[in-house]
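Try each task before you read its solution.

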Amino acid sequence: MVPWTSKEAMILYLRLISEVTEADRHTVVIMDGAGWHTDSIADELSNVILIKFSSIHQGLIR
């Protein structure tokens, strides 16, 4: 947890996840609807799959 974040910080985090993901594998990242969780933040990462929950599903994330 950090006191603040941004779209750029999230992209950096996803790049780090991508780098440690083994070859021929994929990582699935489940996100809430925060403003920096845009659909394009993982476009350059071929091994990271984003699933974004809508506000209706927020009770599932704990």
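**Exercise 1: the surface patch**

Task: find the residues that make the nonpolar surface patch of about 340 Å².

Solution. Val28, Ile30, Ile49 and Ile51 make this patch. Patch members have over 30% relative accessible area and no salt bridge, and nonpolar side chains are joined within 5 Å. A salt bridge puts a side-chain nitrogen of Lys or Arg within 4 Å of a carboxyl oxygen of Asp or Glu. Areas are Shrake-Rupley values with a 1.4 Å probe. Strands are DSSP E runs of at least two residues; helices are H or I runs of at least four.

The model is predicted: local features need pLDDT of at least 70, side-chain atom pairs pLDDT 80 or more, while totals for chains, interfaces and linings use all residues. Numbering starts from 1 along each chain, and side-chain values use heavy atoms, without hydrogens or water.

**Exercise 2: two residues**

Task: is Ile30 buried or exposed? And Asn47?

Solution. Ile30 sits in strand β1. Its relative accessibility is 53%, so Ile30 is exposed; the cut-offs are under 20% for buried and over 50% for exposed, with partly exposed in between. Asn47 lies in the loop between β1 and β2. At 13%, Asn47 is buried. Its side chain makes a polar contact of 2.6 Å with that of Ser18 (N or O atoms within 3.5 Å, one able to donate a hydrogen and the other to accept it; sequence-adjacent residues count only through side-chain atoms on both sides).

Definitions and conventions
Patches are made of residues with over 30% relative accessible area and no salt bridge: like charges are joined within 9 Å, nonpolar side chains (Val, Leu, Ile, Met, Phe, Trp, Tyr) within 5 Å. Buried means under 20% relative accessible area, exposed over 50%, partly exposed in between (1.4 Å probe, protein chains only).
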